[in-house]
Amino acid sequence: MIDLHSHTTASDGILSPTALVAKAHGRGIRVLAITDHDTVEGIAEAVSATTERNIEVIAGIEISATLGDKKEVHILGHFVDISNAQLLAYCAFCRTERFNRINHITAKLRTLGLQITTDDVVAINPSGMLGRMHVAKALAEKREVPSIRAAFDKYLFDDGPAYIQKWHFPVREAIELIHNAGGNAILAHPGRSVNESQLFEIIELGIDGLEVRHPSQNSHQEEHYRRIAEHYDLLTTGGSDYHGSKDTDEAAFGQYGITPEILTVLRRASHKS
């Protein structure tokens with residue numbers, strides 16, 4: 001099994017890079033891409049964890065990009081150089097922007113009568129990238145909401161009472177950033193992210209491929225995106241999008257992925273000089 005989409009505590013996953021690699025090995029996964037949100041900080045630890053296990057870690061990232069003025073889409077980068085200066089500058093920028101966003105979200109929540117501070121959120125994930133999931137966990141731990149799901153359903157959903165839009169980073173620039181770092185740029189889970197016109201706009205912007213296999217996409221959607229990829233000569237990937245916190249994570253991990261033949265094509269297509 002080859003899984004090209006997973007997350008660790010470097011962003012919003014619940015397992016450390018070491019623990020995720022161990023879990024993947026136990027599930028029979030032999031190639032795992034670590035694709036944390038807007039950071040590559042978990043890659044080195046994950047690679048070190050492969051020393052005594054028959055598993056390969058592919059360096060990846062999931063970039064938060066903007067289509068048009070407001071639409072957020074996620075662009076996966078596979079086979080990136082984690083020492084690339086531009087990529088590291090982007091990650092540093094995102095760390096600051098994410099912290100500022102959490103400040104604004106917690107301020108909004110306090111105006112709604114909830115007792116929460118940015119420090120409460122940082123305590124959930126002291127060394128990793130911060131996001132809405134960490135706010136939801138902090139609210140649940142402080143018993144301001146009955147569950148993480150309730151936090152999203154009542155306050156943190158897109159355009160919800162405590163929602164703050166992310167920074168603006170155009171899709172074209174995200175693709176260029178990944179290419180500059182030697183990687184392939186892949187549109188993540190298109191079935192839940194974009195409509196058809198938005199998909200074709202992203203194809204026009206130069207995306208390298210589509211994530212065809214994903215737990216959120218049924219077999220009809222898989223076939224649909226596979227046909228589009230074939231028509232436009234795009235790469236295809238797949239992965240579980242494992243975080244460890246979603247209801248579907250345990251069943252999906254080790255069940256979504258690609259074949260060795262497709263992995264060979266992806267390796268050859270990477271933009272390494």
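The seven-stranded sheet is open, with mixed pairing and the order β1-β2-β3-β4-β5-β6-β7. Two strands pair when DSSP finds at least two bridges between them. At the edges sit β1 (2-3) and β7, each of which pairs on one side only. Helices and strands here are DSSP runs, numbered from the N terminus: H or I with at least four residues for helices, E with at least two for strands.

A word on the model itself: it is predicted, so local features need pLDDT of at least 70 and side-chain atom pairs count only at pLDDT 80 or more, while totals for chains, interfaces and linings use all residues. Residues are numbered from 1 along each chain as its sequence is written, and side-chain values use heavy atoms, with hydrogens and water left out.

Back to the sheet. Strands β4 (residues 71-78) and β5 (residues 184-187) run antiparallel and are joined by four bridges. In that pairing, G77 has A185 of β5 as its bridge partner. Helix α9 packs on the sheet, where it touches β3, β4, β5 and β6 (209-213), and its direction makes about 115 degrees with that of β3. Helix α7 (residues 171-180) lies across β3 (56-67), β4 and β5, running at about 160 degrees to β3. Contact means heavy atoms within 4.5 Å. Axes are lines fitted to C-alpha atoms, for helices over the stretch in contact, and angles run from 0 to 180 degrees between N-to-C directions.

| Helix pair | Axes come within | Crossing angle |
|---|---|---|
| α3 (residues 85-111) and α5 (residues 132-141) | 10 Å | roughly 40 degrees |
| α9 (residues 196-204) and α10 (residues 219-231) | 12 Å | roughly 35 degrees |

The crossing of α9 and α10 is right-handed. E196, L199, F200 and I203 of α9 meet H224, Y225 and I228 of α10. By class, this contact has five nonpolar, one polar and one charged residues. Ala, Val, Leu, Ile, Met, Phe, Trp, Tyr, Cys and Pro count as nonpolar, Asp, Glu, Lys and Arg as charged, and the others, Gly among them, as polar.

The crossing of α3 and α5 is right-handed too, a label given when the near helix is turned clockwise from the far one by less than a right angle. R101, I102, I105 and L109 of α3 make the contact with R132, V135 and L139 of α5. Five nonpolar, no polar and two charged residues take part.

Eight of its ten residues are buried, so α5 is largely enclosed by the rest of the structure. Buried means under 20% relative accessible area and exposed over 50%, with partly exposed in between (1.4 Å probe, protein chains only). The buried residues of α5 are R132, M133, H134, V135, A136, K137, A138 and L139, and they pack against α3, α4 (118-124) and α6.

Just after α5, R143 takes a positive phi of about 60 degrees. R143 is in the loop between α5 and α6 (148-156). Most residues other than glycine have a negative phi. Phi of D241 is near 60 degrees as well, and D241 is found in the loop between β7 (235-238) and α11 (249-252). Which of the two is buried, and which exposed? R143 is exposed, with a relative accessible area of 75%, whereas D241 is buried, at 2%.
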